[in-house]
Amino acid sequence: MIRSRLAGLLLCAAAFALPLGAQAQPAPNRVLRVAPHADLKTLDPVAASIVITRMHGLMIYETLFAWDSKLQPHPQMVERFSTAPDKLSWSFTLRPGLKFHDGQPVTTKDVIASLKRWMVRDTIGGKLGEYTEGMEVVDDRTFTLKLKRPMALVPFALGSAVGQIPVIMRESDAASDPMKPVTEAIGSGPFKFNRAEWRSGAKVVYDRNPDYVPRSEPADGLAGGRVVKVDRVEWVIMPDPATAAAALQTGEIDIWEQPSQDLIPIVAANREIKVERYSNLANQVMLRPNSLYSPFDNPKARLAMAYATDQADFLAAGFGDEEWWKRCNAYFVCGGPNGTEIGTEGYAKPNLDMAKKLLAESGYKGEKLVLSSSNDIAPIGRMAEVAAQSLKAAGFNVEVQFADWGTVTTRQQNRGTVEQGGWNLFVTYASGATMQSPMTNIGTNMACEKAWAGWPCDAEAEKLRGAVVDAPDEPSRKLAVEALHRRLAEMQPYRVLGQFDQPYARRTNVSGVLPAPVMLFWNVEKK
């Protein structure tokens, strides 16, 4: 059926060191066309942690530091930095000549306003905010950061490429209400957002920024020189996988960012197409409950989810062949530096009797629970159906409500009851780079109203997360991670549903895709 449908679509198809460096931007006459995994709805990468908005943010904005392919931070907007012997004072000087797309120079006033906004919204930003005594402007290019107590992970935090990223906006944009998305899209990065040609549900356009001067270092992940080798990148919105597969086969698009697993064998058989991985860590799948309201305000109901669900059911439905997925109960990702599964042994296999017992003890009376989902991202829609079936078997009264992905992600920010447009559950996934550290894992932040959508609240977990940050050496940090993981397994801020590798597909005349937490489009060449 798939081959027949694809053939039909193909027939229809026939009738992108600290020295500043002085690299000149190439002037190619190329348009890179990409089918992304979702449509772009939210332009503000500080207001939203969803991948498509983060991809957009990294196109047009920059951060002070940037992670390389091994998740190590390097200066990006920063020319030089230093820290005092007591580790309580840091000084940063920006690269000369940085300017926004509207021509305004980037100054430290923009930087400080942007960081303050990010510290309110992001997991790692919030943790850095807890340690921060204050930030002060020295001059237009230099500012200082003063800490209440030492924190070794400052460059790592300022280069974060996960969650809500610490992009530098104009002061006028960053000074707005941090709880409301910024609707402007004026950054200082290597691409400019072409608002005039933006067509929601159809196309998003980025033009090469001719005024951008890359760093001189070689590109490595998000770090190094962001050299743009195409004139324009167009995201062509294709929610139907077979349509995207056909477009890639005929050359209508150059890259399919997240090909559907069931179509990978078909596109891979084409000698003009390559299927490759672009991340060194697997993605993590999660079932997220809303901890503000019954029954999930009770950790027993959240733990009941863990006993009621079999990871293999979800992963097979979402990603097909087991070649692409594996069971894993580690909150911080199997294969990563913090990938312990300690504390999860009890629910390594489903136990419906235990799930029902815990659910009864939580006080749940059978009220309808809304699982908000979308078929725009096919694996998420399929796994939502599995979640509903699994939870119903344990006694949860679950109704799946489907909408477009933009509506789903907007609804996730609603803290009201279901009657007020809120929600009880959703299925999603995040990159391994996001989830591999207690500092960046958005789901394990249990800081109540400061937490990510779902807003779990547990002072003990937050105390243990702080102990990871404060650990003086690696052995101490490992013990702190294990103690935190035991607590998370008990409190269940979300149900870990395993992990999977997400490949991308490109035509063979396209090269230079960098390994990174999300797909990047500088360094990409089209011949």
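Predicted model: local features only at pLDDT ≥ 70, side-chain atom pairs only at ≥ 80, totals over all residues.
A residue counts as buried here when its relative accessible area is under 20%. Val 111, with a relative accessible area of 0%, is therefore buried.

**The chain as a whole**

Let's start with the big picture. The protein chain has 16 helices and 21 strands. For 527 residues, a compact globule would have a radius of gyration near 24 Å, and the chain's 23 Å agrees with that. Buried residues account for 59% of the 527 residues. As for the surface, the chain exposes about 20000 Å², with carbon and sulfur atoms supplying 51% of it. On the charge side, there are 60 positive and 59 negative side chains, and the centres of the two sets sit 1 Å apart.

| Residue | Relative accessibility |
|---|---|
| Val 111 | 0% |
| Thr 309 | 1% |
| His 37 | 13% |

Val 111 belongs to helix 3, which runs over residues 108–121. Setting aside neighbours within four places in sequence, Val 111 is in contact with Leu 64, Leu 94, Phe 143 and Ile 168. Val 111 and Arg 141 are 30 residues apart in sequence, and their C-alpha atoms are 9.6 Å apart in space.

His 37 sits in the loop between strand 1 (31–35) and helix 2 (51–60). If residues up to four places away are left out, His 37 touches Val 51, Ile 52 and Met 55, along with Glu 257, Gln 258, Asp 376 and Ile 377.

Thr 309 is another loop residue, placed between helix 9 (299–308) and helix 10. Its 1% relative accessibility is why Thr 309 counts as buried. Not counting residues up to four places away in sequence, Thr 309 touches Phe 314, Pro 350, Ser 390, Leu 391, Arg 495 and Leu 497. From Thr 309 to Arg 327 is 18 residues in sequence and 12 Å in space, C-alpha to C-alpha.

**Two helices with a buried side**

Helix 10 covers residues 311–319, and its buried residues are Gln 311, Ala 312, Phe 314, Leu 315, Gly 318 and Phe 319. These residues cover an arc of only 160° around the axis, which puts them on the same side of helix 10. What lies over the buried residues of helix 10? The cover includes strand 13 (283–289), strand 14 (325–326), helix 12 (378–393), strand 17 (425–430) and strand 18 (495–500).

Helix 11 (residues 352–361) has Ala 355, Leu 358 and Leu 359 buried. Looking down the axis of helix 11, the buried residues fall within an arc of 100°, so they line one face of the helix. Which residues are exposed on the face of helix 11 turned away from its buried side? That face carries Asp 353 and Ala 360. As for packing, the buried residues of helix 11 lie against helix 9.

How values were computed: Residues numbered from 1 in each chain as written. Heavy atoms only, no water. Helix = DSSP H or I, 4+ residues; strand = E, 2+ residues; numbered from the N terminus. Rg over C-alpha atoms; globule rule 2.2 N^0.38 Å. Buried < 20%, exposed > 50% of the residue type's maximum accessible area, 1.4 Å probe, protein only. Areas by Shrake-Rupley, 256 points an atom, 1.4 Å probe, with all protein chains shown as cover. Lys, Arg positive; Asp, Glu negative; His and termini not counted. Charge placed at Lys NZ, Arg CZ, Asp CG, Glu CD. Arc of directions from axis to C-beta. Contact = heavy atoms within 4.5 Å.
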